[in-house]
Amino acid sequence: MAVANTPEAAGARASRPRRAARRFRLLFLVPAIVFVGLMLAFGISLNRDPSTVPSPLIGKPVPAFSLAPVKGRTLGLSTADLRGDVSLVNVFASWCVACREEHPLLMRMKKQGLVPIHGLNYKDKPDDAARWLDTMGDPYTRTGADLNGRVAIDWGVYGVPETFVIDRQGHIAFKQIGAITPEILERTILPMVANLRGERPAPDGASR
């Protein structure tokens, strides 16, 4: 059958290469756009300070849990132990390098009686955790051995060390990701502890 040689048919034949070219350009552009988006997201994540990542648990009660103490200790750690007084919960492990860096500061806080510190021992071998505290010193009022890490997951722990400020009602008031430094202690944690105790207002920005 002969192909009609009309202006409409000629236009249709001429448009086919253009449509094919547009499809080719779209097929090329979509992966390029996706790649650029991924690179932007990756760049933003690299520049973000992980210690500023907000926790969805701020202002909420601590998760329900009950843990036996670290080997060689007598007082375990549970939800009920975190009510009645402002306190800190410090997530630590013997294999954690940054924990070793902040440990002297925790020991100094205990010596000065600044605030009760409880230890949540994350995925540690019992003997290693006991040896760590026996050797480095034990800054904790109570400890909980989270052998499989399930309790830490409920707390929204990203890694170790992390430290939580707990108010008298057992609510999480603040989360510090990474090691506590003297600056973080003086500018954020201690003013918040004082504020939660009703001693003086916390400075601007210290409530999160």
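So, Asp127 and Lys71 form a salt bridge, with their closest N and O atoms 2.3 Å apart. By salt bridge I mean a side-chain nitrogen of Lys or Arg within 4 Å of a carboxyl oxygen of Asp or Glu. Asp127 sits in helix 3 and Lys71 in the loop between strand 1 (66-67) and strand 2 (77-78), so this pair ties together parts that are 56 residues apart in sequence. Helices (H or I, at least four residues) and strands (E, at least two) are DSSP runs, numbered from the N terminus.

Quick word on the source: this is a predicted model, where local features need pLDDT of at least 70 and side-chain atom pairs count only at pLDDT 80 or more, while totals for chains, interfaces and linings use all residues. Residues are numbered from 1 along each chain as its sequence is written, and side-chain values use heavy atoms, leaving out hydrogens and water.

For the cut-offs, buried is under 20% relative accessible area, exposed is over 50%, and partly exposed is in between (1.4 Å probe, protein chains only).

Okay, next pair: Lys175 and Glu162 form a salt bridge, with the closest N and O atoms 3.4 Å apart. Lys175 is in strand 7 (residues 172-177) and Glu162 in strand 6, so here the linked parts are 13 residues apart in sequence. Lys175 is buried at 7%, and Glu162 is buried at 0%.

How many salt bridges does a search of the whole structure find? Seven! Arg73, Asp134 and Asp138 are even linked in a network of them.
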